[in-house]
Amino acid sequence: MPDMNHETATATELAADHDFIQWIKYPTQESTLYWTQFAAQHPDKAPQLAEARRLVLLLSQEQAEDRSCDEDAALVWAHLQDAVRQDRERGAAGGPVFALWGYSRKTWLSAAAVILVLLASVALLFNLNNSKPVTYATAFGEKRIIQLPDNSVVVLNANSSITIPEKWNTDAPRSVQLQGEAFFTVTQQANGQQFIVRTSKGTEINVLGTEFNVYDRGLEDRVVLASGKVRLSTIQNGETRQMEMQPGDLITVSAANGLSHRRVDPSLYTSWQHNQVYFDNYTLREVGSLIEEQYGYKVEFSGSELSGQRITAFLEVKRPEDILNTLAETFDLKITQQENTINISSL
Amino acid sequence: MDEQEIWGRFKAGSEDDFSLLYHHFAPMMLRYGNRITPDKELIRDCLQQVFFSLWKGRATVGTPTNVQHYLLKAIRNEIIKRGNRDKVHEELPEDYHSELEDSHEQTLIQLQTAELTRQRIAHLLSQLPARQREVIFLKYYANLKYDEIAAIMDIGQDSVYKTTYKAIARLQQLLHNSTLLLLALFF
């Protein structure tokens, strides 16, 4: 298999071939070139290639079934923080250190109860003061993971910010104001406390324990639900509209076109967390906007015909050059940079 | 993110970087745990143990060349060490054919969809023996190389290949059966 001869391979062998899998899941220019050439030179292998592609996609889907993992991860993290803190205190006292938790369900529950009580009393104490909002922000080209007071986790994309109250009241909804783009993993609270994300355009996403991506840039808001259930409400022409979302739903809200709904693979819209971007039939103008939003450059096109060309691609992106090089090679472009401005023209 | 840099700062005592490592890798480790044992509580305890030991031993722990590989192996070892052997997914013979074939077909009829939905695929994949599912998880979800999978599971690379082929062949067979079944439903 490491040196497998692709020319004689069956569909099964191709589907198990590391290079082939990499190409299907994380295509690069190099691998796309290799496999398209291979397909062109071996037209008789077309059925095997198609079958192998289908198998790889099927096999990669097994992740879809267990969504409880993210809630479990938040739960364990809360315990881990306690354990680390207790360990630091004992360490300072010079005492011996033991494992700090038991393995029975009972221990877990009582620890959860203690945390709940602690949080409740903290909330009581701090509500007496006027709590000031706290803002977390990212610079161009930066990503950041933020843990909220309720153990929900926010992955903030570049050039984005969230604002939360300093302390959350336990009986009022948890409320987050977002600008830019973020992926939320929200913890479920015992009392069913709501979690609300508000965008700068007035869209509200109302949540109970779930994972979703919110994009609030340019002219539209985009919300993609990865798992769980959310209710989206938005004000259009002074009228409030509400929609319940199912996992895999993409809802776009814009002043011009109102609400639109589409089914998508959520992983494509949340892959930016792992430095991958997905251009879903984007115009080059839209790709340019993404570079402007996330990296702070100004992107100019020479010729309006050029900026309307479309691209569909899934790319590994660490720096804006990774996107620009792909564009240059795909469309035969000349790309120049002067200070903060990138100019793109046809060769 | 640059794993090696984050790992370095974590070793130097940065709690932020410890948090970053945890949030990046914990969901995958939990998913992997689900392939090894059905006991969710055990998986959570093992996850906590792995990260707590890392935190305690941060000053002396080495820097792995591949952090994901290192952490997957760590949680697997912890589950096997801690796991009551009979709680770990029962090993099925390699030539196992589901004795639940009938009920499997029943479920498919109940799902009653003309195209392959996610639900049906998940159902088909769940029909595979535990060891095949473990290899498939490491290969197609964690995206590891064959030698890395062999190292994590403590088996030879040849067995990993064989298990992968068997899983694919079994999946093809299940797909074939369910397609025939659907045809039978329509005609």
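View 1. The model is predicted, so to speak of local features takes pLDDT of at least 70, side-chain atom pairs count only at pLDDT 80 or more, and totals for chains, interfaces and linings use all residues. Residues are numbered from 1 along each chain as its sequence is written, chains are lettered from A and ligands numbered from 1 in the order written, and side-chain values use heavy atoms, with hydrogens and water left out. The two chains share one salt bridge, meaning a side-chain nitrogen of Lys or Arg within 4 Å of a carboxyl oxygen of Asp or Glu. The partners are B:Arg44 and A:Asp72, with their closest N and O atoms 3.4 Å apart.

**View 2. The side of chain B that touches chain A.** Here α2 (15–36), α3 (40–56), α6 (118–125), α7 (130–141) and α9 (157–186) of chain B each put in at least two residues. The biggest giver is α2(B), with 13 residues. By type, this side of chain B splits into 25 nonpolar, nine polar and 13 charged residues; nonpolar covers Ala, Val, Leu, Ile, Met, Phe, Trp, Tyr, Cys and Pro, charged covers Asp, Glu, Lys and Arg, and the others, Gly among them, are polar.

**View 3. The whole contact.** Chain B brings 47 residues and chain A 53 residues, with contact meaning heavy atoms within 4.5 Å. About 5000 Å² is buried between them, 60% of it from carbon and sulfur atoms; that is the accessible area (1.4 Å probe) the two parts lose on being put together, summed over both.

**View 4. The fold of chain B.** Chain B has nine helices and zero strands, where helices (H or I, at least four residues) and strands (E, at least two) are DSSP runs numbered from the N terminus. Of its 187 residues, 52% are buried, which is to say under 20% relative accessible area (1.4 Å probe, protein chains only), with exposed over 50% and partly exposed in between.

**View 5. Two loop residues with positive phi.** B:Asn143 has phi of about 60° and sits in the loop between α7 and α8 (146–153) of chain B. A:Glu339, with phi near 50°, lies in the loop between β15 (333–338) and β16 (341–346) of chain A.
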